Amino acid sequence: MKTKSRKKIKVFVGTKRKTAKNLLKCYSEDWRNFPKNSDLRKKLLEIYKQKYEGKTIVNSKTGITILFELYGAKKTTKHGSMYAEKASLITILDKICEHAFLHSLGAQKKGDKENGVVGYLNFRAPVIVDDKQKLVEIPVRIKNNGNFHYCIDIPLTYKQANRQLKKC
């Protein structure tokens, strides 16, 4: 009896992740032609400011309203690595935040208290980037005024994500 119910759960989880409603697609072809990485970063900062800054999106799974602010734009475009796949994700950022599922909660980091950050909600969303399925991690900062602020992280392949989940 127990094995049958486990199989049913695995089938349900597997089919739930692959539904067409949650399937997002983007392509990195347009972002590969920049001569310098700094040019790509500047272009993405402009796109973020025009398309997202000051706007909000409601996550369909949790009902949380996520605010896009300049800090998230700078964190996305100036910190960490920048490459064509990450750039293509920014073009569908609102859809990613809307369809992502809550994966875990993160504790307050050193130095966050001065910025009013209480903790983090770590979301994940399946996205097809250049015909390869990726799992994108989206940390959302919880501020002490009750707001939730977006910040994107590096996309993970499903194999990498499964390895991380096994470690937990």
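## Briefing: strands, core and salt bridges

Strand E4 (residues 101–106) and strand E5 are paired in the antiparallel sense, with 5 bridges between them. This pairing belongs to a predicted model in which the protein has 6 helices and 8 strands, and the elements follow the order α-β-α-β-β-α-α-α-β-β-β-β-β-α from the N terminus on.

**Confidence in the model**

- The mean pLDDT of the protein is 77, and 76% of the residues score at least 70.
- Among the elements, strand E2 (residues 56–58) has the highest mean pLDDT, at 93, whereas helix H1 (residues 2–17) has the lowest, at 41.
- Over residues 1–20 the pLDDT stays under 50, and the model has 2 contacts beyond four places in sequence for this stretch.
- Where pLDDT is low, predicted coordinates should not be read in detail.

**Strand E5 and its partners**

- Strand E5 is mostly covered, since 11 of its 13 residues are buried.
- E5 and E6 pair in the antiparallel sense over 12 bridges, with Arg124 standing opposite Glu137 in E6.
- The hairpin of E5 and E6 has 2 residues between the strands, and in this hairpin Asp130 takes a positive phi near 55 degrees.

**Burial and the nonpolar core**

- Of the 168 residues of the protein, 39% count as buried, while the accessible surface comes to about 10400 Å², with 53% of that area belonging to carbon and sulfur atoms.
- The largest nonpolar core has 33 residues, and those touching the most other members are Leu44, Phe68, Ile96, Cys97, Val127, Ile138 and Tyr150.
- Two or more residues of this core come from each of strand E1 (24–26), H2, helix H4 (84–91), helix H5 (93–99), strand E5 (117–129) and strand E6 (132–143).
- Beyond its neighbours within four places in sequence, Phe68 is in contact with residues including Tyr48, Tyr52, Ile57, Leu93, Cys97 and Tyr150.
- Among contacts between residues at least 6 apart in sequence, 57% join residues at least 24 apart.

**Salt bridges**

- The structure holds 4 salt bridges, one of which joins Arg32 and Asp130, with the closest N and O atoms 3.2 Å apart.
- Arg32 lies in the loop between E1 and H2 and Asp130 in the loop between E5 and E6, so this pair ties together parts that are 98 residues apart in sequence.
- Arg32 counts as exposed because its relative accessibility is 52%, whereas Asp130, at 21%, counts as partly exposed.
- Glu69 and Arg141 meet through their side chains in a salt bridge with an N to O distance of 2.2 Å.
- Glu69 lies in the loop between strand E3 (65–67) and helix H3 (70–77) and Arg141 in strand E6, so the pair ties together parts that are 72 residues apart in sequence; Arg141, at 5% relative accessibility, counts as buried.
- A salt bridge also joins the side chains of Glu85 and Lys134 (3.8 Å, N to O), and because Glu85 lies in helix H4 and Lys134 in strand E6, this pair ties together parts that are 49 residues apart in sequence.
- Glu85 counts as partly exposed at 21% relative accessibility, whereas Lys134 counts as buried at 11%.

Key: Residues are numbered from 1 along each chain as its sequence is written. This is a predicted model: local features need pLDDT of at least 70, side-chain atom pairs count only at pLDDT 80 or more; totals for chains, interfaces and linings use all residues. Side-chain values use heavy atoms; hydrogens and water are left out. A nonpolar core is a set of buried Ala, Val, Leu, Ile, Met, Phe, Trp, Tyr and Cys residues joined through side-chain atoms within 4.5 Å. Buried means under 20% relative accessible area, exposed over 50%, partly exposed in between (1.4 Å probe, protein chains only). Helices (H or I, at least four residues) and strands (E, at least two) are DSSP runs, numbered from the N terminus. Contact means heavy atoms within 4.5 Å. pLDDT is the predictor's confidence in each residue, from 0 to 100. Two strands pair if DSSP finds at least two bridges between them. Accessible areas come from the Shrake-Rupley method with a 1.4 Å probe; for residues, only the protein chains shown count as cover.
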